[in-house]
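Hello,

Here is the structure I promised to pass on to you. Have a look at it first, and then read on for what turned up in it.

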Amino acid sequence: MAKQVYITMGALLLGAATLGIDATPMEGVDFEVLDEELDLNSKGLTAVGVVSLGYRSGDGYNVELPKSRLSEEVVFSKI
């Protein structure tokens, strides 16, 4: 079941984008600590994924910094 959470997580990310909400899946989370903090084990639950949701700040320090992106020619191919 833990592996199937990514299907639902994808739906969450798409749904959030549709509503104009920024969302990012997070890695490097210590799930044991998260389970303990939220008292999930006592409820027979365990965390298997984390997604942050919110609204980006228009005045963040990196808003105006140049972004590194691959060109369209590199990303897309014509068959």
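The secondary structure consists of 3 helices and 2 strands, and going along the sequence they come in the order α-β-α-β-α. Please keep in mind that this is a predicted model. The chain is more spread out than a compact globule, because its radius of gyration is 17 Å, well over the 12 Å that the globule rule gives for 79 residues. Along the principal axes, the C-alpha trace spans about 50 × 40 × 25 Å.

Of the 79 residues in the chain, 8% are buried. The chain exposes about 7200 Å², with carbon and sulfur atoms supplying 59% of that area.

What about contacts along the chain? Taking those with a separation of 6 or more, 61% are between residues 24 or more positions apart.

How many salt bridges does a search of the whole structure find? There is 1. Asp22 pairs with Arg56, and their closest N and O atoms are 2.6 Å apart. This pair links distant parts of the chain, 34 residues apart: Asp22 sits in strand 1 (residues 22-26), while Arg56 belongs to the loop between strand 2 (50-54) and helix 3 (72-75). Asp22 counts as partly exposed, at 23% relative accessibility, whereas Arg56 is exposed, with a relative accessible area of 67%.

Enjoy exploring!

Best wishes

Key. Residues are numbered from 1 along each chain as its sequence is written. This is a predicted model: local features need pLDDT of at least 70, side-chain atom pairs count only at pLDDT 80 or more; totals for chains, interfaces and linings use all residues. Side-chain values use heavy atoms; hydrogens and water are left out. Helices (H or I, at least four residues) and strands (E, at least two) are DSSP runs, numbered from the N terminus. The radius of gyration is taken over C-alpha atoms; the globule rule is 2.2 Å times the number of residues to the power 0.38. Buried means under 20% relative accessible area, exposed over 50%, partly exposed in between (1.4 Å probe, protein chains only). Contact means heavy atoms within 4.5 Å. Accessible areas come from the Shrake-Rupley method with a 1.4 Å probe; for residues, only the protein chains shown count as cover. A salt bridge is a side-chain nitrogen of Lys or Arg within 4 Å of a carboxyl oxygen of Asp or Glu.
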